[in-house]
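Let's take a friendly look at some aromatic rings and their surroundings. Please have the sequence and the 3D view open as you read.

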Amino acid sequence: MTMQRRTALLALLPLGARAQAQWSPPQLPDVTLQDQDGRAWRLAGELAAAQPIVVSFMFTSCAAACPPQTAALRELRRALDADAALREVLLLSITVDPLTDGPAQLSAYAQRYGIAAARDAGWLFLTGERAALARTWRAFGVDASIREAHPSLVWVAHAARERWTRTSALNATPELLRAVREVVA
């Protein structure tokens, strides 16, 4: 990555994250993951190639960070849906517990939080084979060895434009929306 490109990417980071100058955008692995309905999707292909994405990590039996993170993302989804220019943004919630979180568990989790989980609804909950998920976790720097220790971050990307940022998933909706707008603009 050139210094100019790295500087441009760092400029997209929220002020607090700019201090983390060693952070660099993930290289999305070409893996296939399954959504809450059992449908297979290629992460680097079908899901991220053309449209902006918001990526988060969670697990369905989490009782700490995941519920407020999911609630914050639900509010973000509502805000995105209210803005015609941002409706195309796709939220991807990826499990860090593939042994427990199959499609049925992800579907039940989405229903519990009142989330319409589907590609055309703008939000997918993803699981898959451990090897595919491990490649995904590594790409995002997520240590899933202790599922409770997964980061409460969201990565916002428009891979086709090579624009990325990340911020806390627990930020208020206006802050999350600002991060999305910065990447999509």
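A residue is called buried when its relative accessible area is under 20%, exposed when that area is over 50%, and partly exposed in between, with a 1.4 Å probe and protein chains only. At 1% relative accessibility, Trp 155 counts as buried.

Before going further, a word on where the values come from. This is a predicted model, in which local features need pLDDT of at least 70, side-chain atom pairs count only at pLDDT 80 or more, and totals for chains, interfaces and linings use all residues. Residues are numbered from 1 along each chain as its sequence is written, and side-chain values use heavy atoms, with hydrogens and water left out.

**Aromatic pairs**

Rings of Phe, Tyr and Trp (its six-membered ring) pair if their centres lie within 6.5 Å; planes under 30 degrees apart count as stacked, over 60 as edge-to-face and the rest as tilted. Searching the whole structure on these terms gives seven aromatic pairs.

| Pair | Centre to centre | Angle between planes | Geometry |
|---|---|---|---|
| Phe 57 and Trp 155 | 5.5 Å | 85 degrees | edge-to-face |
| Phe 140 and Trp 155 | 5.1 Å | 75 degrees | edge-to-face |

Helices (H or I, at least four residues) and strands (E, at least two) are DSSP runs, numbered from the N terminus. Phe 57 lies in strand 3 (residues 53-58) and Trp 155 in strand 6 (residues 153-158), so their pair links parts of the chain 98 residues apart. Phe 140 belongs to helix 6 (residues 130-140) and is 15 residues from Trp 155.

**The nonpolar core**

A nonpolar core is a set of buried Ala, Val, Leu, Ile, Met, Phe, Trp, Tyr and Cys residues joined through side-chain atoms within 4.5 Å. The largest one has 56 residues, and Phe 57 and Phe 125 are among those with the most contacts inside it. Contact means heavy atoms within 4.5 Å. Beyond its neighbours within four places in sequence, Phe 125 touches residues including Met 58, Leu 106, Tyr 109 and Ile 115.

**Around Asp 97**

Asp 97 sits in the loop between strand 4 (90-95) and helix 5 (103-112), and is buried at 9% relative accessible area. Apart from neighbours within four places in sequence, Asp 97 contacts Phe 59, Ser 61 and Arg 147.
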